Amino acid sequence: MLFSATLLAEDARLVVSVQPANNALKSNVEGYIGNLGERDVEALQRLRRVVESQAEKAAQALGYYHAQISTEVVGQTPPRLNVRICLLYTSDAADDMQCV
């Protein structure tokens with residue numbers, strides 16, 4: 001009798017964080033990016049710029065035109081792609097934009 005073992009690959013995880021917290025924007029970003037599928041760390045690294053662009057479009061769709069977006073790939077099992085969005089606001093005391 002012959003047995004074969006197959007390891008099932010897990011889908012890469014997308015983790016979106018928004019500062020200050022904004023559930024509508026978080027959900028919109030997750031919807032724009034979608035499922036990452038069975039990607040390894042190298043594939044996620046190549047996907048980072050596309051994800052940043054999609055996150056920017058998702059933010060702009062909700063009226064956030066000055067969002068600061070960064071991504072980071074974490075090599076764990078399953079691999080994880082972190083997307084951080086900082087909503088920038090103009091300070092009354094200064095002309096520069098600040099992340100709140």
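Mentor: Start with the pair of helices. The crossing of α1 and α2 is right-handed.

Trainee: What makes a crossing right-handed or left-handed?

Mentor: The label for α1 and α2 is right-handed. Before going on, note that this is a predicted model, with local features requiring pLDDT of at least 70, side-chain atom pairs requiring 80 or more, and totals for chains, interfaces and linings using all residues. Numbering runs from 1 along each chain as its sequence is written, and side-chain values use heavy atoms, without hydrogens or water.

Trainee: Why is α1 called oblique to α2?

Mentor: Their axes come within 8 Å and cross at roughly 135 degrees. That value makes α1 oblique to α2. The classes are roughly parallel under 35 degrees, roughly antiparallel over 145, roughly perpendicular from 65 to 115, and oblique for the rest. Axes are lines fitted to C-alpha atoms, for helices over the stretch in contact, and angles between N-to-C directions run from 0 to 180 degrees.

Trainee: How do you know which elements count as helices and strands?

Mentor: They are DSSP runs, numbered from the N terminus: helices are H or I with at least four residues, strands are E with at least two. The protein has two helices and four strands. Along the sequence they read β-α-α-β-β-β.

Trainee: Why is serine 27 called partly exposed?

Mentor: Buried means under 20% relative accessible area and exposed over 50%, with partly exposed in between (1.4 Å probe, protein chains only). Serine 27, in helix α1, has 45%, so it is partly exposed. Its C-alpha is 9.2 Å from that of alanine 58, 31 residues apart in sequence.

Trainee: What makes arginine 48 partly exposed?

Mentor: Its relative accessibility is 26%, so arginine 48 gets that label. This residue sits in helix α2. Arginine 48 touches Thr71, Glu72, Val73 and Leu81, leaving out residues up to four places away in sequence. Touching here is contact, meaning heavy atoms within 4.5 Å.

Trainee: And why does glutamate 52 count as partly exposed?

Mentor: Glutamate 52 is at 26% relative accessibility, hence partly exposed. It also lies in helix α2. Its contacts, beyond four places in sequence, are Ile69, Ser70 and Thr71.

Trainee: Which peptide bond is cis, going into proline 20?

Mentor: The one from glutamine 19, with omega about -10 degrees. Proline 20 is in the loop between β1 (13–19) and α1. Threonine 77 to proline 78 is cis too, with omega near -5 degrees. Proline 78 is in the loop between β2 (67–74) and β3 (80–90).

Conventions. A crossing is left-handed if the near helix is turned anticlockwise from the far one by less than a right angle, and right-handed if clockwise.
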